[in-house]
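Good morning, everyone, and thank you for making time for this.

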Number of protein chains: 2
Amino acid sequence: MNIIISNNSSVPIFEQIENAIKQAIFSNELKEEEMLPSVRNLANDLKISFLTVKRAYDELEKAGFIKSVQGKGTFVAPKNIELIKEEKLKEIQDYIEKIYDISKISNISEKEIKELFKMIFEEDF
Amino acid sequence: MNIIISNNSSVPIFEQIENAIKQAIFSNELKEEEMLPSVRNLANDLKISFLTVKRAYDELEKAGFIKSVQGKGTFVAPKNIELIKEEKLKEIQDYIEKIYDISKISNISEKEIKELFKMIFEEDF
DNA sequence: ATACTGTTATAATATAAATATAACAGTAAG
DNA sequence: CTTACTGTTATATTTATATTATAACAGTAT
């Protein structure tokens, strides 16, 4: 698995790891039940503290993407299609929220946004 | 000008001020060449440090929205708001394209996206 | 002179992210 | 059982950023 992190990103490292692993799971680069790198190994590879990896794993586990077992390792959870769809809907929601913020600040009307949607989705929206 | 800030927002106060002033400029509530509240006055109104207001003004000036003159005050820059609006529309278009890509890959219907829009814009869309 | 403007410098506080270190606990293989 | 991996937990520290308090300095207008 290829994870690239940036020190001077405004996105915290633990969150960058989360996103990279989610993406690997979505793209099936990490398959069901497959073992993830151990917290210490990944920390060594990325030259960061294992606690930062731990935090990323903890949040991924809370969200249901992976499962940690003491003494054995951390594994990709059996795929839950609904969970993945929820995640994608959340991504879309984040984008819509960004659009909302921009429209409010820039005084752009909903009508104008609708037109863009029609153009890109090539359908009545 | 009505600015409301929140202490426990994850958005820094200086950024909340930035956004509120941008919005006021785009909505023409603050007109070209119009004077903004002085750093100390706005700070007193919002019950925050004038340095926080100063920071917001500094960033707005760097972005070309306002212009500060020592001894006189801070003023809305004469600027082509339409030009900035075009840039913002382009940003929105990029986000919609991302949404389009996700929806195609994840088999998410336009109806579901419409629902999210209604939810966030809190209006029929 | 005064009373406003913005500007700058310094130090302090608060919070979150990330770290270093150490110890503890479960699993599997020799 | 010992060894060498796993994950877990606790404590203290460092780092970066946002925010503040305070003081002084500088330009403008009346």
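How many salt bridges are there between chain B and chain A? In this model, which is a predicted one, the count between the two chains is two. One of them joins K85(B) to E112(A), with the closest N and O atoms 3.4 Å apart. On the chain B side of the contact, α1 (13–26), α4 (81–106) and α5 (110–121) each supply at least two residues, and the largest share, 15 residues, comes from α4(B). Sorted by class, that side of chain B has 16 nonpolar, six polar and 11 charged residues.

Taking both sides of the contact, 33 residues come from chain B and 31 residues from chain A, and the two chains bury about 3,600 Å² between them, 78% of it on carbon and sulfur atoms.

Let me turn now to the pockets. The largest pocket has a volume of about 700 Å³, and among the 22 residues that line it, N19(A), Q23(A), F26(A), K88(A) and E91(A) lie nearest its centre. Its lining draws at least two residues from each of α1 and α4 of chain A and α4 of chain B, with α4(A) giving the largest share, eight residues.

The second largest pocket, with a volume of about 550 Å³, is lined by 18 residues, and here Y100(A), D101(A), I102(A), I105(A) and N19(B) lie nearest the centre. For this lining, α4 of chain A and both α1 and α4 of chain B each supply at least two residues, and the largest share, seven residues, comes from α4(A).

Technical notes. Residues are numbered from 1 along each chain as its sequence is written. Chains are lettered from A and ligands numbered from 1 in the order in which they are written. This is a predicted model: local features need pLDDT of at least 70, side-chain atom pairs count only at pLDDT 80 or more; totals for chains, interfaces and linings use all residues. Side-chain values use heavy atoms; hydrogens and water are left out. Contact means heavy atoms within 4.5 Å. Buried area is the accessible area (1.4 Å probe) that two parts lose on being put together, summed over both. A salt bridge is a side-chain nitrogen of Lys or Arg within 4 Å of a carboxyl oxygen of Asp or Glu. Helices (H or I, at least four residues) and strands (E, at least two) are DSSP runs, numbered from the N terminus. Ala, Val, Leu, Ile, Met, Phe, Trp, Tyr, Cys and Pro count as nonpolar, Asp, Glu, Lys and Arg as charged, and the others, Gly among them, as polar. On a 1 Å grid over the protein atoms alone, a cavity is a set of points where a 1.4 Å probe fits but cannot get out, and a pocket is an open set with protein on both sides within 12 Å along at least five of seven lines; lining residues have an atom within 4 Å of a point. Grid points are joined across faces, edges and corners, and a volume is the space filled by probe spheres set on the points.
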